Amino acid sequence: MFDRPVGTGERALLVHIDFPTVMNHYSETMNSETSLQKSASLREEAQSEFYDLALSAGAEPLAFIKGKRVKPEPKYFIGTGKAQEVKDAVDLHQADLVLVNHQLSPAQERNLEIMLQCRVLDRTGLILDIFAQRARSHEGKLQVELAQLSHMTTRLVRGWTHLERQKGGIGLRGPGETQLETDRRLLGMRIKQLNKRLGKVRKQREQSRRSRQRAELPTVSLVGYTNAGKSSLFNQLTESSVYVENKLFATLDPTLRRVELPKNLSMVLADTVGFISNLPHDLVDAFHATLLETREADLLLHVIDAHTDNRDMHIAEVNSVLKQVGAENTPQILVYNKVDLLSEQQARIERDNSGNVLRVWLSAVENTGMDLLLESVAEFFSKERVQKQLKVPAKAGQWRAILYSYVDILDEQYNEQGDWLVTIETTSRDFDNLLKKEGFSELL
């Protein structure tokens, strides 16, 4: 349903409009000179990122049309004059696709297509197209299709206005439902099927997480802005060969590997999809099963491109998505990657006033600083483990099985009353989960 015709739809014009309110959002706390410099840097970053998105989708950019507006125009979003400029460029370059670096309403897409006489795709549609090309696993394909269908339901009228008429003719007369209504109903049924299948995927992932908990294997997830170097870092830490390319969203399907740590510890490392500014909500919802790996992780390694000037903005965007999936309270270690591109930086560990690891500077490509990162993770989990002594009454025997499934039993004895005296060791996070269980506080 979503396969693109071979050899068509690749010659594209790129359109980007700057809105001062967006730039001021990131630079409002700076002085005027610094604010202007930051706004220019953000503007350049947004345009460069959009160009990379187009290349990642396989488009052949013919021209980049830019402009400024105080606010979007209701009919064309980019304004009537700019729309005419794009129309002239479409005729000049014989383009068959216009990519707009903003989220357009269905009506704005339809109005632009009528005026330009070619396909128009907004930022959300472009990212969805890239995800459709990158999906390899069954789960990934289901999630992408769900996101595409959710996006398409409001845009059916764009290419199917001729189907608004009721079906007619001998053998075709129906109960009065228009073809467009039929299409929407069929899409709704397909969305329901996809949600049901993804529900099974969530259950399977939950079972896998329980197995790791029983094996006392902590989970660490790599998160970060797209193209920050997560997969390169993953390959270095796990000695794997996960697909790596200097493209946005090169990694889509999550990969998990076991990694041995210093101090006789082990962990499960998960490589996840990269985030990006203005990530479509349809994608966040569709990839909820995958992003649960970040929420359920014991630790997040937030990989940051240390070479980019706008890394603070990237950090904010990633934290925003983490908040959407409920992972904002998961502990983080900031991993500043690509120090090989910085002349005055070298692999090192930065700590806070309490001696806890805050940042690790390294280079995944040069394989420098990997030992520092592994040491930092091992140190985190060593500090995270706590020991507690509990007294389980004889009448609360069901807690014996629960404790054995959740924690390490270091010592156990019985007193004269038949109570079970047990010394346990576990992570702070698992102990907090135990505290939430009804009746556990009575054992303390």
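**Group meeting: rings, charges and helices in a predicted model**

Let's start with Phe50, which is buried, at a relative accessible area of 0%. Buried means under 20% relative accessible area, exposed means over 50%, and partly exposed is in between, with a 1.4 Å probe and protein chains only.

A word on the source. This is a predicted model, where local features need pLDDT of at least 70 and side-chain atom pairs count only at pLDDT 80 or more, while totals for chains, interfaces and linings use all residues. Residues are numbered from 1 along each chain as its sequence is written, and side-chain values use heavy atoms, with hydrogens and water left out.

Now the overall picture. The protein chain has 15 helices and 14 strands. Those are DSSP runs numbered from the N terminus: helices are H or I with at least four residues, strands are E with at least two. Of the chain's 444 residues, 48% count as buried. Take the contacts with a separation of 6 or more: 68% of them come from residues 24 or more positions apart. Contact means heavy atoms within 4.5 Å.

Next, the aromatics. How many aromatic pairs does a search of the whole structure find? Four. Rings of Phe, Tyr and Trp (its six-membered ring) pair if their centres lie within 6.5 Å; planes under 30 degrees apart are stacked, over 60 edge-to-face, the rest tilted. Phe19 and Phe77 are edge-to-face, at 5.7 Å centre to centre and 75° between the planes. This pair links distant parts of the chain, 58 residues apart. Phe19 is in the loop between strand E1 (11–18) and helix H1 (20–27). Phe77 is in the loop between strand E2 (60–68) and helix H3 (80–93). Both Phe19 and Phe77 are buried.

Back to Phe50. Its ring centre is 6.0 Å from that of Phe64, with the planes at 75°, so this pair is edge-to-face too. Phe50 sits in helix H2 (residues 32–56) and Phe64 in strand E2, 14 residues apart. Phe64 is partly exposed, at 26% relative accessibility.

Phe64 also has a charge over its face. Lys66 is there, 5.2 Å from the ring centre. The rule: NZ of Lys or CZ of Arg is within 6 Å of the ring centre and within 35 degrees of the ring normal. Elsewhere, Arg348 lies over the face of Trp361, at 4.4 Å.

Lys66 has another neighbour, Lys82. Leaving out residues up to four places away in sequence, Lys82 touches Ile17, Ile65, Lys66 and Gly67. Lys82 is in helix H3. Is Lys82 buried or exposed? Buried, with a relative accessible area of 18%.

Gln94 lies between H3 and E3. Its phi is positive, about 55°, although it is not a glycine. At 59% relative accessibility, Gln94 is exposed. Lys338 also has a positive phi, near 70°. But Lys338 is buried, at 19%.

Last, a helix pair. The axes of H5 (residues 123–134) and H6 (residues 138–152) come within 10 Å and cross at roughly 155°. So H5 is roughly antiparallel to H6. Axes are lines fitted to C-alpha atoms, for helices over the stretch in contact, with angles from 0 to 180 degrees between N-to-C directions. Under 35 degrees is roughly parallel, over 145 roughly antiparallel, 65 to 115 roughly perpendicular, the rest oblique. Residues making the contact include Leu128 and Phe131 of H5 and Val144 and His151 of H6.
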